[in-house]
Amino acid sequence: MAAILLDADGVFHVSGEPVAGGADAVRRLRADGHRIRFVTNNTTRARATLAEELRAMGIELDDEELQTTPRAAAQTLAGRRVLALTMHAIVGELEGIELVGEDAEAVLIGGADETPETNLVFSYMNLARAFHELEAGAQLYSLHKNRWWQTKNGPLLDAGVFVAGLEYAAETDAIVLGKPSTPYFEAALKALDAEPSLTWMVGDDIEADIGGAVAHGMKSILVRGIISSIAQLPDWLEEHL
Ligand SMILES: [Mg+2]
């Protein structure tokens, strides 16, 4: 039996619309004895909210089975003074971080979403503030560095562009906390007590999911590539394991 890391956004839902067969696929993977963990780069909602949304789609999971980037940030940046350009909904997840407006030790960039809040979080004023902190010596962190994500209206520009812009302006490199970073995948493997070579990463993002899996010695399955939908995963594994 395999350990399987499952991306959520673009795999089980697109813009909140469930992908047909997703809930059944999870039931079947569990019944087939696979160990599964949901690994999302979602940066805009609290874990409990995300888990509840997946359960509302019929997907059986405990909150603890869902690994999120804000919680990774909370671990990495605990006790530090951080200027956070993130959606308000995840602020509660940044427990232990001292959120400040100036004099920061670190700047943390979160992801965009489909609401107008994105305009406020990534306003010129906020980005200029972040740049100022970086110039004063703060370290740049990002929950992810995704270029775009899939929505029901097609691909939408993600916050990776702001991360890249700040890297360019401040001549620094961001430390990415979500997929495809090493600490993020190590935490997922540890949670499943899994060997990388016996672990499959299933996702729709060629860099964060597939590139990350390859770089960490895991096997990978591209949704809308190797399989056209999550519904096909149990059969595909049965054939290929
Ligand atoms: Mg995805």
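Residues are numbered from 1 along each chain as its sequence is written. Because the model is predicted, local features need pLDDT of at least 70 and side-chain atom pairs count only at pLDDT 80 or more, while totals for chains, interfaces and linings use all residues.

**Exercise 1. Overall build**

Work out how many helices and strands the protein has, and why it counts as compact.

*Solution.* Start with the secondary structure: there are nine helices and 14 strands, taken as DSSP runs numbered from the N terminus (helices are H or I, at least four residues; strands are E, at least two). Next, take the radius of gyration over C-alpha atoms and compare it with the globule rule, 2.2 Å times the number of residues to the power 0.38. The radius is 18 Å, close to the 18 Å that the rule gives for 241 residues, so the protein is as compact as a globular protein of that length. Finally, the C-alpha trace spans about 55 × 35 × 30 Å along its principal axes.

**Exercise 2. Strand β6 and its partners**

Find which strands pair with β6, and in which sense.

*Solution.* Two strands pair if DSSP finds at least two bridges between them. Strand β7 (residues 98-99) pairs with β6 in the parallel sense over two bridges, and Val 82 stands opposite Leu 99 there. Strand β8 (residues 106-109) also runs parallel to β6, over four bridges; here Val 82 stands opposite Ala 106. Now check burial: a residue is buried if 20 or more other C-beta atoms, placed from the backbone, lie within 10 Å of its own, exposed if 12 or fewer, and partly exposed in between. Four of the five residues of β6 (residues 81-85) are buried, so this strand is largely enclosed by the rest of the structure.

**Exercise 3. A loop residue**

Decide whether Ile 90 is buried or exposed, and list what it touches.

*Solution.* First locate the residue: Ile 90 lies in the loop between β6 and β7. Then count: 25 other C-beta atoms lie within 10 Å, so Ile 90 is buried. Not counting residues up to four places away in sequence, Ile 90 touches Thr 43, Thr 44, Arg 45, Ala 46, Pro 70 and Gly 110.

Terms used. Two residues are in contact if their C-beta atoms, placed from the backbone, lie within 7 Å.
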